[in-house]
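This report describes one protein model in terms of its fold, its loops and selected side chains. The sequence and structure come first.

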Amino acid sequence: MKKIIISIILLCLTASCGYTPMYSKSQIQKFNIEIIDFEGDREINNLIRSELKRYNDEVSTKQFKIIINTKYEKLITAKDSTGAASTYELSTTVKFDIQLNNKNNIIFLSETFNMDKDNNILDQKNHEKTIKKTFASTIVKKLLLRLHQLN
C-alpha cells in the first residue's frame, strides 16, 4: 500500500513540473519579415522564402528587411577506378543582409553534406532536392535564433 501511495505522489509531482521543450513551436516569436531581394540559387531561395513565411507576422513590432544571397555548390570529392565521380560534397552558403531599426547586420550561414553517387540518376536528383530542402529548413532555424538575439 505504501508503494502505491508513494508512486502516485511521485507521479503527481513529476507530471506537473512545468517542463516545455526549449525550441517548441509555441515558444517561437514571430517577426515581420520583408524579403527585399534574392540572389543566387533559385531553388534554395524559394525554399527559404517558403520557410520564412511560416514565421511571418504582419502585426509584429520587430520588422526585418532582408536581402538573401545564396551560393550552392556540388563538388566531386572522390572518383572510382574509371575516373567517374563516386562521392559529392553538397554545400550551400547563405548571406543574410538584415536591416532592423536602421542598423545593418550581416549573417553568414552554411551547411554541407557528403552524398554518394547513385546509379539511378532520377533517385540521385530527388535525393539532392531533399538535401536542399533540409539545408533551407536548418538555415532558417539558425536564422531565427540569430534574429531573436538582434535588438
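Where is Asn-102 found? Asn-102 is in the loop between β3 and β4. The model is predicted, so local features are given only at pLDDT of at least 70 and side-chain atom pairs only at pLDDT 80 or more, while totals for chains, interfaces and linings use all residues. Residues are numbered from 1 along each chain as its sequence is written, and side-chain values use heavy atoms, without hydrogens and water.

**The β3-β4 loop**

Asn-101 belongs to the loop between β3 (85-100) and β4 (103-116).

**Overall architecture**

The protein has three helices and four strands, in the sequence pattern α-β-α-β-β-β-α. These elements are DSSP runs numbered from the N terminus, with helices being H or I of at least four residues and strands E of at least two. Of the 151 residues, 30% count as buried. Among contacts (heavy atoms within 4.5 Å) with a separation of 6 or more, 65% are between residues 24 or more positions apart.

**Strand β1**

Glu-34 lies in strand β1 (residues 32-39). With a relative accessible area of 36%, Glu-34 is partly exposed. The C-alpha atoms of Glu-34 and Lys-65 are 4.8 Å apart, although the two are 31 residues apart in sequence. Neighbours within four places in sequence aside, Glu-34 is in contact with Gln-63, Phe-64, Lys-65 and Ile-66.

**Charges over rings**

A charge sits over a ring if NZ of Lys or CZ of Arg is within 6 Å of the ring centre and within 35 degrees of the ring normal. Two such cases are listed below.

| Charged residue | Ring | Distance to ring centre |
|---|---|---|
| Lys-74 | Tyr-88 | 4.5 Å |
| Lys-132 | Tyr-72 | 4.3 Å |

Lys-132 is placed in helix α3 (residues 121-149). Lys-132 counts as buried because its relative accessibility is 8%. Apart from neighbours within four places in sequence, Lys-132 is in contact with Asp-41, Glu-43, Ile-44, Leu-47 and Tyr-72. The structure holds zero aromatic pairs, a pair being rings of Phe, Tyr and Trp (its six-membered ring) with centres within 6.5 Å; planes under 30 degrees apart would count as stacked, over 60 as edge-to-face and the rest as tilted.

**A nonpolar patch**

Met-1, Ile-5 and Ile-9 make a nonpolar surface patch of about 350 Å². Patches are made of residues with over 30% relative accessible area and no salt bridge, like charges being joined within 9 Å and nonpolar side chains (Val, Leu, Ile, Met, Phe, Trp, Tyr) within 5 Å. A salt bridge is a side-chain nitrogen of Lys or Arg within 4 Å of a carboxyl oxygen of Asp or Glu. Ile-5 is found in helix α1 (residues 2-15) and is partly exposed, at 44% relative accessibility.

Key:
Accessible areas come from the Shrake-Rupley method with a 1.4 Å probe; for residues, only the protein chains shown count as cover. Buried means under 20% relative accessible area, exposed over 50%, partly exposed in between (1.4 Å probe, protein chains only).
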